[in-house]
Amino acid sequence: MTLSPVDTRTAPVTLVDGYVPVIDISSARSGDPAARELVAKTLGRVCETSGFLAIVGHGVPAERIAAMYRATREFFALPDAAKLALQAAPDDPLMRGFGRAGSLAASNTDASVADERDLPDLSQTYTYNRLGEPDAPALPAGSDPLLTTPNHWPDLPGFAAAYRAYYASMQELALELMRLFALALDLPEGWFDDKVDEHMTNLTANYYPAQLVPPKPGQLRKGQHSDWGSLTILYQDDAPGGLQVLDKAGEWVDVPAIEGSFVVNIGDLMAVWTNNRWVSTVHRVVNPAPEVATRERYSVPFFHQPNFDALIECIPTCTSLQDPPRHAPVRSGEYILEKFRRAYGL
Ligand SMILES: O=C(O)CCC(=O)C(=O)O
Ligand SMILES: [Fe+2]
């Protein structure tokens with residue numbers, strides 16, 4: 001990452017500037033309105049350029065993150081048969097459990113779905129969603145009943161507790177970020193609240209195994225894609241063969257792994273909401289260099305997804321006579337289910 005001088009307008013919350021800056025959000029969490037405004041405007045500027053940043057000062061306890069990471073490693077270390085026994089039901093539209101092979105690149109608007117599916121992502125996944133909990137909130141009338149397909153739990157002590165606790169922290173952090181986003185967009189702070197209070201977020205662990213045979217030409221750990229929801233909060237470890245984002249010049253930029261941070265990025269629905277003022281940046285996960293091909297990598301994104309029936313349409317502060325809405329309004333749930341179908345043929 002190229003480091004640029006820190007922007008004095010946003011100091012001291014911008015710790016490292018650049019295409020993927022490091023932002024400290026702790027002052028906003030203190031509740032002070034001036035601090036919230038400063039952090040919000042800083043986030044807003046980043047969302048207009050790369051839509052990718054790392055946050056620190058997020059308040060999620062280190063032990064909670066460590067417990068989730070430990071549980072994730074234990075899960076993927078299970079024998080293949082144990083993982084396959086937890087494979088997502090073929091008709092689960094959110095693919096809870098051990099994931100089926102697919103290609104995220106196939107979800108891109110201009111992708112050749114068949115070609116992309118010939119080159120599946122070199123990763124395994126495990127997905128948990130609150131809609132699969134026994135006490136999940138009722139879905140709006142007319143929703144697909146398969147949305148409440150139960151989660152699939154491995155027989156590992158502490159796994160479910162670690163995942164549930166981590167999910168609860170992510171849910172709280174995502175709401176805080178959405179409130180700061182509202183301020184950044186000159187909206188009342190609670191503007192998004194009733195659009196995400198019944199969110200349908202997937203927490204998905206990605207495991208990138210050692211590459212004992214070289215990948216096929218064009219095959220990646222994750223093919224290039226944008227994320228589908230409002231925002232993604234990503235935990236990543238620092239193994240080689242990692243996350244890259246596409247910059248405005250069309251160059252791939254490494255996203256550094258910073259101890260104690262989360263990567264936050266904007267998803268497609270935030271671009272719809274903001275009339276493309278904010279960008280849902282394309283990213284990918286590259287293969288490790290041959291000399292470190294045996295190194296495994298883990299990452300765990302929380303794909304914050306608004307309520308199933310939230311209608312995502314251009315926000316009033318993001319349009320004018322000269323800048324009419326560019327996207328047709330879309331329902332959150334329908335949007336994500338269509339993306340899953342393209343990526344995984346569900
Ligand atoms: O593994 C990563 O760092 C990112 C994975 C990703 O982009 C995704 O799962 O959508
Ligand atoms: Fe992604």
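**Helix crossing, iron site and salt bridges**

Trainee: At what angle do the axes of helix H2 and helix H6 cross?
Mentor: Helices (H or I, at least four residues) and strands (E, at least two) are DSSP runs numbered from the N terminus. Axes are lines fitted to C-alpha atoms, for helices over the stretch in contact, with angles from 0 to 180 degrees between N-to-C directions. The axes of H2 (residues 33–49) and H6 (residues 159–184) come within 8 Å and cross at roughly 85°. Since 65 to 115 degrees counts as roughly perpendicular (under 35 roughly parallel, over 145 roughly antiparallel, the rest oblique), H2 is therefore, relative to H6, roughly perpendicular.

Trainee: What kind of model is this, and which atoms are left out of side-chain values?
Mentor: This is a predicted model, in which local features need pLDDT of at least 70 and side-chain atom pairs count only at pLDDT 80 or more, while totals for chains, interfaces and linings use all residues. Residues are numbered from 1 along each chain as its sequence is written, chains are lettered from A and ligands numbered from 1 in written order, and side-chain values use heavy atoms, leaving out hydrogens and water.

Trainee: Which residues coordinate the iron ion (ligand 2)?
Mentor: Donors are N, O and S atoms within 2.8 Å of the metal (3.2 Å for Na, K and Ca), and sites may look incomplete because water is not among the atoms. In sequence the donor residues are spaced H-x1-D-x55-H. At 2.1 to 2.2 Å the coordinating residues are His225 (NE2), Asp227 (OD) and His283 (NE2).

Trainee: Are aspartate 227 and histidine 283 buried or exposed?
Mentor: Relative accessible area under 20% is buried, over 50% exposed and in between partly exposed (1.4 Å probe, protein chains only). By that scale both aspartate 227 and histidine 283 are buried.

Trainee: How many salt bridges does a search of the whole structure find?
Mentor: A salt bridge is a side-chain nitrogen of Lys or Arg within 4 Å of a carboxyl oxygen of Asp or Glu. One of them joins glutamate 133 and arginine 164, with the closest N and O atoms 2.7 Å apart. Glutamate 133 is in the loop between strand E5 (124–129) and H6, and arginine 164 is in H6, 31 residues apart. The number of salt bridges found in the whole structure is eleven.

Trainee: What is the relative accessibility of aspartate 193?
Mentor: The side chains of aspartate 193 and arginine 179 meet in a salt bridge at 2.8 Å, N to O. Arginine 179 counts as partly exposed at 26%. Aspartate 193 also counts as partly exposed, and its relative accessibility is 23%.
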